[in-house]
Amino acid sequence: MNALVLDKMNHLELENLEKPTPKNNEVLIKVAYVGVCGTDKALYQGLPGSADAVPPIVLGHEDSGTVVEIGESVTNFEVGDRVAIDPNIYCHKCDFCRTNRPELCTNLSAVGVTRNGGLEEYVAVPEEVAYKLPDNVSFKQAALTEPLSCVVHGVDLLAIKPFQEAIVLGDGFTGQLFVKTLKAYGVSKVTISTRHLDDEKHVDFLKKVVGADEVVDARSNDFDKDYDVVVEAVGSADVQEQAVKAAAHGGQVLMFGVGKPEQKFSVSSYEIFQKQLTVQGSFINPYTFKAAIAMIAAGKIDPSELVSMELKAAKMNDYLSGKIRTNKAVLNIEAAF
Ligand SMILES: [Zn+2]
Ligand SMILES: [Zn+2]
């Protein structure tokens, strides 16, 4: 089968691998769609995602497809089931797993990070990470369940009330998903910041498709007002500083954007004290796949509206090295090779 293998850092090679045989507890998936994101770019460069990716490895942690084979002890799936795959595999044995915080698992493994992912025609995964799809959820939508489930986890960590006003700092795919999710959770007014306020078409997209109530200039040092909920969805130090400043008294700041491991930002500790701020981190997606799929199926969120490019396998090195820049890319695996 065709597979895109990260054979060394900063290089993918199209290789012919043997089709995997599912182990006892595994299902074999014929991959339909794979989403790619900044985490793949980090792994490509040798930076950590949820864990380190050690070559040779097949990336692809945002996967959907059809079950084509099942291992002997698999009980929940049949050949022909349409599924989305949660990449994160918990050990169920460590203290974090046993205290209902599996995202902090000390033995975390992940499809497309520590074991082969979806940038290949067939991928084998434990049945516990496969989720059946309702008929009205497309494979393209389903491949975006993973990023949406991470956003749902972030919002779940906040105390959301309908009267709140929120701002999302950063208008990339993740920021856009946050606007949609905060609205779906009942936040009354959601603002998004952009560096392209002069691009009328883009601002119109942020309002009409993404659903932002207001669009503001990301470069502003001082917004007109303070916000009850601030989501940092960029991961750079300047925006992290801006996030703390934008929070109202009693505000909650969600630090969602992924910075580099050595990155630091400066913050006034007096401001955290005096405004009684909560500054919250958010890591991966503990059991939020069901919620994400349900929101897509109910038509509350359609992440496929936010996809800006369908990539081919031959273009993946250009995408991962940053030569191709786009808001959100997916691969239709049948058509990708
Ligand atoms: Zn991702
Ligand atoms: Zn664990």
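User: Two strands pair if DSSP finds at least two bridges between them. How many bridges join β5 to β9?

Analyst: Three, and β5 and β9 (residues 130-132) run antiparallel. Strands here are DSSP runs of E with at least two residues, helices are runs of H or I with at least four, and both are numbered from the N terminus. The model is predicted: local features need pLDDT of at least 70, side-chain atom pairs count only at pLDDT 80 or more, and totals for chains, interfaces and linings use all residues. Residues are numbered from 1 along each chain as written, chains are lettered from A and ligands numbered from 1 in written order, and side-chain values use heavy atoms, without hydrogens or water.

User: Which residue is the bridge partner of Ala-84 in β9?

Analyst: Tyr-131. On β4, β5 (residues 82-85) pairs in the antiparallel sense over four bridges, and Val-83 of β5 stands opposite Gly-65.

User: Switching to the metal. What coordinates the zinc ion?

Analyst: Cys-37 through SG, His-61 through NE2 and Glu-62 through OE, at 2.0 to 2.3 Å. Donors are N, O and S atoms within 2.8 Å of the metal (3.2 Å for Na, K and Ca), and the site may look incomplete because water is not among the atoms.

User: How are those donor residues spaced in sequence?

Analyst: As C-x23-H-E. Cys-37 is in the loop between β3 (26-36) and α1 (38-44), and His-61 is in the loop between α1 and β4 (62-70), so the pair ties together parts 24 residues apart in sequence.

User: Is Cys-37 buried or exposed?

Analyst: Buried, at 17% relative accessibility; His-61 is buried too, at 5%. The cut-offs are under 20% relative accessible area for buried, over 50% for exposed and partly exposed in between (1.4 Å probe, protein chains only).

User: What about Asp-52, where is that?

Analyst: Asp-52 is in the loop between α1 and β4, partly exposed at 48%. Its C-alpha atom is 34 Å from that of Thr-191, 139 residues apart along the chain.

User: Last one. What lines the second largest pocket?

Analyst: The lining includes Met-1, Leu-17, Lys-23, Arg-115 and Val-123. By class, it divides into five nonpolar, two polar and five charged residues.

Definitions and conventions
On a 1 Å grid over the protein atoms alone, a cavity is a set of points where a 1.4 Å probe fits but cannot get out, and a pocket is an open set with protein on both sides within 12 Å along at least five of seven lines; lining residues have an atom within 4 Å of a point. Ala, Val, Leu, Ile, Met, Phe, Trp, Tyr, Cys and Pro count as nonpolar, Asp, Glu, Lys and Arg as charged, and the others, Gly among them, as polar.
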